Structure formats: C-alpha cells, structure tokens
Amino acid sequence: MTANVPFLDLAAQQAEIADEVLPVWRDQFAAASFIGGPEIEAFEREYAEYIGVEHVVGVSNGTDALELAYRAVGVRPGDEVIMPANTFIATAEAASRIGAVPVFVDVDDEYLLIDPDAIEAAITPRTKVIAPVHLFGQTAPMELITPIADAHDLIVIEDAAQSQGASGPAGRAGALSRVAATSFYPGKNLGAAGDAGAVMTDDAGIAALVRNLAAHGSSVKYVHDHIGMNARLDAVQATVLRAKLRRLDAWNSARRAAARRYADLLDGIDGVRLPAVRPGNDDVWHLYVVRLDERDRVMAELSAAGIGVGIHYPTTVHLTEAYAGLGYRRGQFPVAESAADEMLSLPMFPHITGDQQLRVVHGLSNSVRGHD
C-alpha cells in the first residue's frame, strides 16, 4: 500500500531545527534556566520586529494570551465580546473565564471571515470588544472592522492564532489593532514544541500589565499588584520558536506553493468548492479548507485510504453544549452553520510533496465522483 499522507508532519519541522535547538537546550538544562532569561527576551524582540509592533509578551498558550489581552484592556464581568461563531472555542472561553459574555455573529460565505455587517448589528451598550479571528491563514477585514469599532468607541483584539506571517491591506496579522493574541501550539505556522502563546501591542502600558498579570500579578517578586495568573512562556519553547521564526517566511512560501498546487489539481472537479483569498490578503494557508456535500462520507473514505484530513470546526461555538446557557439556537448563523457541515481540511504543511498532494486529490476526486 502507498505510504500514508499525514494531515500534518511536525517531525519534518523538528528535524530541520534540531541542530540549532538541541545545543541551546543542553545549555539551559545545564544551567537549570527555564523561567525567563535571554531566549525569551530575544524571541519577544524578534517576533515584535517580524510583525511590526513595539511589544510582544510571551505567555503560556493562546487561550491565556486572549484572556490576558481581554483583561489588559479592561474587560470586566458582564461586558460583551463580539466574535465569529466559526472559531475555536478558546476565543469565547477566554472571555467567559473573566465573566464576560461572548456574542457570536455570522461569517461571510466566500471567505468564512467575520461579517462586518453582523458586527454592527450585534453592538449593544454592554459591548466592550470586537474580537475578529484571522481564520485558516488570512486576515479578517480589518479595514471594515476598525471604523465600526472607532464609531462605537470599542476595542479591537485580534485572535491571530492561525495567521503567523499573514498580512492584509493594513499590515501583518497581530499588528492591526490595539492588542492581539496568538497561539504557538505545535501545529500552528509558527509552533512550539508544546504550548505557548503571545500578546502583541504597541501600547507599553498594556504590555506591562500583561506581563504583570501573567506572573501572578507581580512585577517585583512577592509584590502583587493584581490578582493574576501563572501564564509565563518557558525558555525551552522560546528556543524552538526562535529557530522556527527564522524559517517562517520560507515555510509560509512553501504553504502558498502547496495551495496553488491544490487549486490547479482540484480545478474542474464538480462538487468541491475551493477556498478563496480576500483581495489584499497574503494568505499563509494555516489550513486548506474545501467545502463539499456528503463531507462525512468523503472524510471517512479518505481516512480509510490513509489520507489525513480534519474539520475546522465541526460545531459552531454557539451550538456547543458549553454555551447552551446563552440561548442561541440552530439557524441563527446560517453561513457558519452550513460551513460546519461542509468543510474539510486537507493535508497542509510546509514539507508536503507534490506526490502527496496528487494522492490527496486523487482520493478526493474518486470519493466525490463515487468511483472506487
């Protein structure tokens, strides 16, 4: 049988950076230097330069990054945070952990990004934050969202977890609002060797507060200014992130080439709706998501054939059991709900080969057309 096509090949990334990372790790272990230190400081500085912001604060994971960003701009219990229904639950969960209320809205049908008109309609006197998600590797329509926020005196916080290196008409993801949060979960375009995340901002005060809150509300040992949390970035993860950051542009270019190859190979296959890139966006293809009927059948057949596929996401957040108490019902966000039934994420990673993509497309084509 032909070798399996993985959904994601992290081993290839780790092998590429091993010669750089392992000596630093040995030094860190020899010195027992794990919390704070030069590797974290260097990564924060390098990532800030990369995306074009003044401050990056490395933290423990993307969910904590979102919560810290919400808290740092003053989100309080009862405040409302507007976000797309089609996102990972962390966008909402981070708000709920503060006692804030996630307010879900629909996405547009072409790009599956948050719909600015839906944002406008959802604003109430309790709204504090708009949290657009840069989904699947391309930025939300910030040039339309920012004026809405400004008109209503609201704060925009980007969820940039799927978009390291992506850009839109106004700049790079993570630098398009007052504050942004990202995840460096291993499968991200820029991924650690475990959990990690960051908060990005040009505001020195916000950066200082995030750093304080992430260290138990303390800027000086045993002096606690706030009720904080333990959400610091580990030095061993910063070492991995520095090595991968040096390769991020090349890896994103490889993803773009793979996306073009998929588009060429899938062109003309009836029943497969290809992803579209919003004008002005430079997509980094965190995921390559097609839409099709009978998605579950096709997914099962591809999996049986040794082709790794995924769904992002099978249930919109407003219909999860976790948020049943908010009273949302099926049918409120028809685009996001329909997409959840149709989306299929194909294998996408920098080291994917043309032969692997040919096998994916051959299997998808056969399944969609009903061939053996």
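User: In which hand does α1 pass α8?

Analyst: α1 passes α8 in a right-handed crossing; that label applies if the near helix is turned clockwise from the far one by less than a right angle, and left-handed is for anticlockwise. Bear in mind that this is a predicted model, where local features need pLDDT of at least 70, side-chain atom pairs count only at pLDDT 80 or more, and totals for chains, interfaces and linings use all residues. Residues are numbered from 1 along each chain as its sequence is written, and side-chain values use heavy atoms, with hydrogens and water left out.

User: Why are α1 and α8 called roughly antiparallel?

Analyst: The axes of α1 (residues 10-31) and α8 (residues 235-266) cross at roughly 160 degrees and come within 9 Å. Angles over 145 degrees count as roughly antiparallel (under 35 roughly parallel, 65 to 115 roughly perpendicular, the rest oblique), so α1 and α8 are roughly antiparallel to each other.

User: What makes Tyr-222 exposed?

Analyst: Exposed means over 50% relative accessible area (buried under 20%, partly exposed in between, with a 1.4 Å probe and protein chains only). Tyr-222 has 68%, so Tyr-222 is exposed. Tyr-222 is in the loop between β10 (218-220) and β11 (223-224), and its phi is near 70 degrees, a positive value in a residue other than glycine.

User: And why does Glu-294 count as exposed?

Analyst: Glu-294 has 54% relative accessibility, so Glu-294 counts as exposed too. Glu-294 sits in the loop between β12 (288-291) and α9, with phi near 50 degrees.

Note on methods
Axes fitted to C-alpha atoms, helices over the stretch in contact; angles between N-to-C directions. Helix = DSSP H or I, 4+ residues; strand = E, 2+ residues; numbered from the N terminus.
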